[in-house]
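User: I would like to learn how to read contacts, salt bridges, cores and helix faces from a set of coordinates. Please take one feature at a time, with the general idea before the case.

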Amino acid sequence: MAARPGMRVLDMGCGSGQVTIPLARAGAEVIAVDVSPAMIRLLRENAAREALTNIRPVVDALENLRLPAASLDAVVSNYALHHLADDDKRRLLRAATVWLRPGGHLIIGDLMLGRGGSAHDRAVIRGKIAALGRRGPGGWWRIAKNSWRFMARTCERPLPLSAWAQLLEETGFADVSGRSVVAEAGLVRGSRPA
């Protein structure tokens, strides 16, 4: 999907605008949503620096988001949805099928990793632990803290790529595809049936 003038896009979990800004530069009208007021402030500063006026920043939790039916050409998210509980992911995807116009696209780039059940998961986890361990006490602290968060699913609740693809299909998306990007990162996409 290439952004173009007149296109209306929702960026879920926009942060400081890594995806929002390029979409706006291409001429798309972007609704940029993030739960963090600090991130939205950074986004506003970044947009102002480039004199971009086609961004509508919104501070809100994605779980609370309400938009008109068939009002969007695309919904995107970059490294934000792994923070949501699985039921909230499912509800958000169902809502996105309503917000998208027929033929509209959903693209999610995120942490796509299981809990270590596959050889891929275990290799990624071993690599992350080794990299953090080489950092010394600060890295060891992160290993301890993140191990608990990852296993207990208290802050980060990633799904493997296959589970994301299944979730898109279950919530009504067509032409679903996905691919690993690097280590724990994956990209999944689908479209609302025409």
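Analyst: Start with contacts, meaning heavy atoms within 4.5 Å. Leaving aside neighbours within four places in sequence, Arg-8 is in contact with Glu-29, Ile-31, Arg-56, Ser-71, Leu-72, Asp-73, Ala-74 and Arg-101. The model is a predicted one, in which local features need pLDDT of at least 70 and side-chain atom pairs count only at pLDDT 80 or more, while totals for chains, interfaces and linings use all residues. Residues are numbered from 1 along each chain as its sequence is written, and side-chain values use heavy atoms, with hydrogens and water left out.

User: Where is Arg-8 found, and is Arg-8 buried or exposed?

Analyst: Helices (H or I, at least four residues) and strands (E, at least two) are DSSP runs, numbered from the N terminus. Arg-8 is found in strand S1. Buried means under 20% relative accessible area, exposed means over 50%, and partly exposed is in between (1.4 Å probe, protein chains only). Arg-8 counts as buried because its relative accessibility is 19%.

User: Which side chain joins that of Arg-8 in a polar contact?

Analyst: A polar contact is a pair of N or O atoms within 3.5 Å; within protein, one must be able to donate a hydrogen and the other to accept it, and residues adjacent in sequence count only if both atoms are side-chain atoms. The side chain of Glu-29 makes such a contact with that of Arg-8, at 3.1 Å.

User: Which elements hold Arg-101 and Asp-73?

Analyst: The side chains of Arg-101 and Asp-73 meet in a salt bridge of 2.9 Å, N to O. Here too the pair links distant parts of the chain, with Arg-101 in strand S5 (residues 100–111) and Asp-73 in strand S4 (residues 72–78), 28 residues apart. Arg-101 counts as partly exposed at 30% relative accessibility, whereas Asp-73 counts as buried at 16%.

User: How many residues apart are Arg-90 and Asp-87 in helix H3?

Analyst: Their side chains meet in a salt bridge of 3.6 Å, N to O. Because Arg-90 and Asp-87 are three residues apart in helix H3 (residues 86–99), about one helical turn separates them. Salt bridges that share partners join Asp-87, Arg-90 and Glu-170 into one network.

User: Which residues touch the most other members of the largest nonpolar core?

Analyst: In soluble globular proteins, nonpolar side chains tend to be buried together. A nonpolar core is a set of buried Ala, Val, Leu, Ile, Met, Phe, Trp, Tyr and Cys residues joined through side-chain atoms within 4.5 Å. The largest has 26 residues, of which Leu-10, Leu-106, Ile-108 and Trp-164 touch the most other members. H3 gives the most to this core, with four residues. A second, separate core of 17 residues includes Ala-32, Ile-40, Leu-43 and Ala-47.

User: Which residues of H2 are buried?

Analyst: Ile-40, Leu-43 and Ala-47 are the buried residues of H2. They lie on the same side of H2, because they cover an arc of only 55° around the axis; the arc is that of the directions from the helix axis to the C-beta atoms. Arg-41, Ala-48 and Arg-49 are exposed on the other side of H2. The cover over the buried residues of H2 includes H1, S2 and S3.

User: Which residues are buried in H6?

Analyst: Trp-164, Leu-167 and Leu-168 are buried in H6. Their arc around the axis is only 100°, so they are on the same side of H6. The face turned away from the buried side of H6 carries the exposed residues Ser-162 and Glu-169. The buried residues of H6 pack against H3, S5, strand S6 (174–182) and strand S7 (185–191). Just after H6, Gly-172 takes a positive phi of about 105°.

Conventions: A salt bridge is a side-chain nitrogen of Lys or Arg within 4 Å of a carboxyl oxygen of Asp or Glu.
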